[in-house]
Amino acid sequence: RWREMHGDIMRAMERHWHTVPCVFVSFGSPYHGRELCGCPTLINAYSPALTVQMAVVDALTGRIPFAGRSPIVLRSR
């Protein structure tokens, strides 16, 4: 029901991170960030496991600190 929720399919290409605070969480490959040129915040969680998802929510809400650094450097294409 894409059209019901979003209207025209071209809206899928809209990026709002210049006007709305946005965070992208990658629960898989850290290389997903290459597709997100301009998104101000990228979190590499590396796993879709429920415990990892819960840890990301805890970190986003300030209950636990974020730790670590990405082992890769992403550059815009």
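User: Before we get to Ala45, what makes a stretch of this chain a helix or a strand?

Analyst: Helices are DSSP runs of H or I with at least four residues, and strands are runs of E with at least two. Keep in mind that this is a predicted model. With those rules, Ala45 falls in the loop between β2 (42–44) and α2 (50–60).

User: Why is Ala45 called buried?

Analyst: Buried means under 20% relative accessible area. Ala45 has a relative accessible area of 13%, so the label buried applies.

User: Which residues does Ala45 touch, leaving aside its neighbours within four places in sequence?

Analyst: Ala45 is in contact with Val25, Ser26, Phe27, Val52 and Val56.

User: Are the two partners buried or exposed, and why?

Analyst: Exposed means over 50%. Arg63 has a relative accessible area of 56%, so Arg63 is exposed.

User: What makes the nonpolar surface patch?

Analyst: Ile9, Met10 and Met13 make this patch, which covers about 350 Å². Patch members need over 30% relative accessible area. Met13 has 58%, so Met13 passes that cut-off and is also exposed. Met13 is located in the loop between α1 (2–6) and β1 (24–26).

User: How is the chain built, and why is it called more spread out than a compact globule?

Analyst: Along the sequence the pattern reads α-β-β-α. The radius of gyration is 15 Å, well over the 11 Å that the globule rule gives for 77 residues, so the chain is more spread out than a compact globule. Along the principal axes, the C-alpha atoms fill a box of roughly 40 × 30 × 25 Å.

User: How much of the chain counts as buried, and what is its accessible surface?

Analyst: Of the 77 residues, 17% count as buried. The accessible surface comes to about 6,300 Å², and 59% of that belongs to carbon and sulfur atoms.

Conventions
Residues are numbered from 1 along each chain as its sequence is written. This is a predicted model: local features need pLDDT of at least 70, side-chain atom pairs count only at pLDDT 80 or more; totals for chains, interfaces and linings use all residues. Side-chain values use heavy atoms; hydrogens and water are left out. Buried means under 20% relative accessible area, exposed over 50%, partly exposed in between (1.4 Å probe, protein chains only). Patches are made of residues with over 30% relative accessible area and no salt bridge: like charges are joined within 9 Å, nonpolar side chains (Val, Leu, Ile, Met, Phe, Trp, Tyr) within 5 Å. Accessible areas come from the Shrake-Rupley method with a 1.4 Å probe; for residues, only the protein chains shown count as cover. A salt bridge is a side-chain nitrogen of Lys or Arg within 4 Å of a carboxyl oxygen of Asp or Glu. Contact means heavy atoms within 4.5 Å. The radius of gyration is taken over C-alpha atoms; the globule rule is 2.2 Å times the number of residues to the power 0.38.
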